[in-house]
Amino acid sequence: MELGMVGLGRMGGNMAIRLVRAGHRVVGYARRPEQVQEAVAEGVTGSGSLAELVQSLHAPRVVWLMIPAGAPTDEMIADLLALLSPGDLLVDGGNSYYKDTLGHAKLAAGQGVHFVDVGTSGGIWGLKEGYSMMVGGDPADVALLTPALQALAPSADSGWGRVGPVGSGHFVKMVHNGIEYGLMEAYAEGFAILAAKTDFGLDLAQVADIWKRGSVVRSWLLDLTADALHHPDQLAHIAPFVSDSGEGRWTVFESIDLNISAPVIALALQRRIRSREPDPLVEKLLAAMRQEFGGHAIKSEP
């Protein structure tokens with residue numbers, strides 16, 4: 001099949017390359033011309049504008065977005081809907097909030113354009129390993145997209161699936177990322193405890209390698225953690241500042257709306273937020289209160 005790929009950053013570009021290597025024709029567009037040229041070098045057909053991309057595709061057109069959630073996706077969908085025709089298919093493969101996705105699908109339907117949301121996991125490893133894809137949309141639209149999904153997945157019949165109607169793909173991916181937050185926090189805390197037991201002289205990389213085979217806590221995240229622990233010099237230069245893409249927040253908000261207790265995910269999110277506070281007032285106030293009511297000593301800043 002052929003499709004247009006809008007957004008040729010690390011993930012979108014790798015997805016386009018994987019599709020080309022599987023024998024599909026991909027027309028790519030990005031706002032940064034150098035990203036287009038990098039993709040062209042790998043066999044992607046380049047385009048200099050959205051209009052050129054749309055004109056390069058045969059009807060019914062399939063256009064796949066791999067751009068940041070929020071305003072960039074809102075703007076790009078509006079621009080594309082002005083160019084696409086009834087019967088075309090618009091795919092959002094980014095990490096959009098599922099409620100935004102429902103609105104995007106409604107806008108598209110108003111112009112006769114079909115819409116599918118694909119929650120995509122795999123990151124920079126997807127080109128080699130394949131992508132995990134959680135797909136939301138009408139069965140007929142997903143069927144049209146299936147050749148591309150099979151080419152992008154780890155195998156034709158694994159690592160992807162239609163999970164429900166439009167919006168469900170991004171909803172499942174949102175919860176996936178919330179779980180990821182909790183797993184990452186647990187690994188980080190565990191290794192910090194191991195590191196603090198200095199009288200045992202533990203080799204954290206060795207421990208991680210042991211756990212990678214046969215342990216109930218083995219996972220791809222642990223494999224990546226082991227890789228990081230094998231390079232302590234690089235780890236030493238990483239600032240303790242952890243960003244979040246928003247999906248952990250959305251998962252926590254959703255858990256509250258659904259009356260589902262999710263303390264691990266919520267705390268993992270809070271830990272990330274805490275890591276970004278340059279001058280944490282909370283701990284200062286705690287120290288001040290202890291001094292006020294109990295005369296406890298406080299530690300002054302140097």
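These questions and answers go through how the features of this predicted model get their labels.

Residues are numbered from 1 along each chain as its sequence is written, and side-chain values use heavy atoms, leaving out hydrogens and water. In this predicted model, local features need pLDDT of at least 70 and side-chain atom pairs count only at pLDDT 80 or more, while totals for chains, interfaces and linings use all residues.

Q: How many helices and strands does the protein chain have, and what counts as one?
A: The protein chain has 14 helices and eight strands. Helices (H or I, at least four residues) and strands (E, at least two) are DSSP runs, numbered from the N terminus. The C-alpha trace spans about 75 × 40 × 35 Å along its principal axes.

Q: What makes a residue buried, and what share of the protein chain counts as buried?
A: Buried means under 20% relative accessible area, exposed means over 50%, and partly exposed is in between (1.4 Å probe, protein chains only). Of the 302 residues of the protein chain, 40% count as buried.

Q: Why is Asn 259 called exposed?
A: Its relative accessible area is 70%, so Asn 259 is exposed. Asn 259 also has a positive phi of about 55° although it is not a glycine. You'll find Asn 259 in the loop between helix H12 (247-257) and H13.

Q: Which residues of H12 are buried, and what do they pack against?
A: Glu 247, Gly 248, Trp 250, Thr 251, Val 252, Glu 254 and Ser 255 are the buried ones in H12. They pack against helix H5 (98-109), H8 and H13. Contact here means heavy atoms within 4.5 Å.

Q: Why is H8 called roughly perpendicular to H13?
A: Helix H8 (residues 168-196) and helix H13 (residues 263-275) pack at an angle of about 70°, with their axes 8 Å apart. That makes H8 roughly perpendicular to H13. As for the cut-offs, angles under 35 degrees count as roughly parallel, over 145 as roughly antiparallel, 65 to 115 as roughly perpendicular and the rest as oblique. Axes are lines fitted to C-alpha atoms, for helices over the stretch in contact, and angles run from 0 to 180 degrees between N-to-C directions.

Q: Which residues meet where H8 packs on H13, and what classes are they?
A: On the H8 side they are Gly 178, Ile 179, Tyr 181, Gly 182, Met 184 and Glu 185, and these meet Val 264, Ile 265, Ala 268, Leu 269, Arg 271 and Arg 272 in H13. By class, that contact has seven nonpolar, two polar and three charged residues. Ala, Val, Leu, Ile, Met, Phe, Trp, Tyr, Cys and Pro count as nonpolar, Asp, Glu, Lys and Arg as charged, and the others, Gly among them, as polar.

Q: What makes two strands a pair, and in what order do the strands run in the sheet?
A: Two strands pair if DSSP finds at least two bridges between them. Eight strands form an open sheet in the order S3-S2-S1-S4-S5-S6-S7-S8, with mixed pairing.

Q: Why are S3 and S8 called edge strands?
A: Strand S3 (45-46) and strand S8 (160-164) each pair on one side only. For S3, the pairing with S2 is parallel over two bridges, and Val 27 stands opposite Thr 45 in S3. For S8, the pairing with strand S7 (residues 132-136) is parallel over four bridges, and Met 134 stands opposite Gly 161 in S8.

Q: How do you know that S1 is mostly covered?
A: Five of its five residues are buried. Glu 2, Gly 4 and Val 6 point one way from S1, while Leu 3 and Met 5 point the other way. S1 pairs with S2 in the parallel sense over five bridges, and with S4 in the parallel sense over three bridges. In the S4 pairing, Met 5 stands opposite Trp 64. In S2, the bridge partner of Val 6 is Tyr 29.

Q: What makes a crossover right-handed, and where does the chain make one from S1?
A: With the strands pointing away from the viewer, a right-handed path runs clockwise from the first strand over the helix to the second. The chain crosses from S1 through helix H1 (residues 10-21) to S2, and this β-α-β crossover is right-handed.
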